[in-house]
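Trainee: Please pick one part of this model and take a close look at it with me. I would like to know where it sits and what lies around it, and then how the rest of the chain compares as background.

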Amino acid sequence: MKKLSCACLTIAVLGLLLSLLACNENTNVEDFEVDPKFEYFPLEVGKYLIYQVDSVVYDTLVNGIVVNETTSFVRERITDTLRDNSGRLVYRIERSYRAQDTLPWEIRDIWVSLRTNDQAERVEENLRFIKMVFPLIDGVSWNGNLFIDETTSIPIAGESVEIFKDWFYEVRGVDQAEQIGDQSYDNITTIVQADSENLIELRFAQEKYARGIGLVYKEMRILDTQKISEATPWENKAQKGFTMIQRLIEHN
């Protein structure tokens with residue numbers, strides 16, 4: 001009888017487990033799939049975003065360092081779609097600039113962007129970045145500059161700067177509420193693209209995306225120096241490079 005009771009108990013437990021694991025008639029397979037969070041990188045013709053950009057450029061001169069501080073405005077507007085050489089759907093982004101919010105917009109650049117089931121890409125000034133990988137998971141990392149030589153030099157105020165040295169992307173926070181400037185967001189994902197520092201180089205870059213909106217904040221600190229001093233802040237010892245903060249101020 002003891003063996004029979006144990007067998008009955010085992011069958012009962014198995015039956016309970018099976019009933020818990022079984023899907024009822026109102027359950028779909030999709031309910032168990034991971035949300036890839038495509039909404040953080042929305043692409044749609046007619047969508048626009050306007051940013052305020054505050055930047056500081058360090059300009060090396062014979063007599064010392066000149067710091068140039070500027071504020072400008074950038075509008076990104078998706079105007080069309082096309083197919084790339086691989087047949088992927090690509091979105092055309094028209095980028096306009098103005099030095100003051102009372103001036104007319106001036107088209108300066110045409111960039112493109114695309115999204116697949118695995119990643120989101122963006123081509124900026126002929127440089128292809130892998131901005132996201134899907135699904136977006138906190139802590140996941142990837143080589144977002146896979147298509148860019150890290151020794152590529154970019155002219156900044158007449159000086160060559162290797163902006164992309166030691167970049168490596170990592171998601172640091174998903175679906176988090178955050179206050180950015182005067183705007184509150186319920187769902188923000190933060191992607192740190194670079195975070196390295198030594199005695200003569202600082203490379204920091206991050207982007208914040210809001211669900212259903214896209215990029216709402218971008219920060220870059222790309223600074224070089226030959227003044228070896230750990231105690232001196234970078235803003236006081238930088239000899240070339242720039243800092244930049246870009247905040248979303250309007251969108252549709």
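**A close look at one arginine**

Mentor: Arg203 counts as buried, because its relative accessibility is 1% and the cut-off for buried is under 20%. The model is a predicted one, so every value here is computed from predicted coordinates. Arg203 belongs to strand S13, which covers residues 201–210. Its side chain reaches a backbone atom, the oxygen of Leu223, at 3.2 Å. Leu223 is also among the contacts of Arg203 once neighbours within four places in sequence are left aside. Those contacts include Arg221, Ile222 and Asp224. Others in the list are Val161, Glu162, Ile163 and Lys165, and also Ala194, Asp195 and Ser196.

For background, the chain has 252 residues, of which 38% count as buried. It contains two helices and 15 strands. Among contacts with a separation of 6 or more, 48% are between residues 24 or more positions apart. The accessible surface is about 14600 Å², and carbon and sulfur atoms hold 51% of it.

With a relative accessible area of 5%, Glu76 is buried, because the value falls under 20%. The side chain of Glu76 has a polar contact of 2.3 Å with the side chain of Arg95. A polar contact of 2.6 Å links the side chain of Glu76 to that of Arg122.

Next comes a loop. Phe134 sits between strand S6 (127–133) and strand S7 (141–142), and Pro135 is found in the loop between S6 and S7 as well. The peptide bond joining Phe134 and Pro135 is cis, with omega about 0°. Phe134 is buried, because its relative accessibility is 9%. In sequence Phe134 is 19 residues from Arg115, while their C-alpha atoms are 9.7 Å apart in space. Arg115 is one of the residues that Phe134 touches, and others include Thr116, Asn117 and Asp118. Pro36, Lys37, Phe38 and Phe41 are also on that list.

Lys37 has its own backbone feature: its phi is positive, about 65°, though Lys37 is not a glycine. It lies in the loop between helix H1 (2–21) and strand S1 (48–61), and it counts as buried at 10% relative accessibility. Glu125 also has a positive phi, near 50°, and is a residue other than glycine. Glu125 is in the loop between strand S5 (119–124) and S6. At 48% relative accessibility Glu125 counts as partly exposed.

Strands S12 (183–197) and S15 (240–251) are the elements that give two or more residues to its lining. S15 provides the largest share, five residues. By class, the lining has five nonpolar, three polar and three charged residues. Among the lining residues are Gln183, Tyr185, Ile213, Arg247 and His251.

Definitions and conventions
Residues numbered from 1 in each chain as written. Predicted model: local features only at pLDDT ≥ 70, side-chain atom pairs only at ≥ 80, totals over all residues. Heavy atoms only, no water. Buried < 20%, exposed > 50% of the residue type's maximum accessible area, 1.4 Å probe, protein only. Polar contact = N/O pair within 3.5 Å; in protein donor to acceptor, adjacent residues only side chain to side chain. Helix = DSSP H or I, 4+ residues; strand = E, 2+ residues; numbered from the N terminus. Contact = heavy atoms within 4.5 Å. Areas by Shrake-Rupley, 256 points an atom, 1.4 Å probe, with all protein chains shown as cover. 1 Å grid on protein atoms, 1.4 Å probe; cavity = no way out; pocket = protein on both sides within 12 Å on 5 of 7 lines; lining within 4 Å. Nonpolar A, V, L, I, M, F, W, Y, C, P; charged D, E, K, R; others polar.
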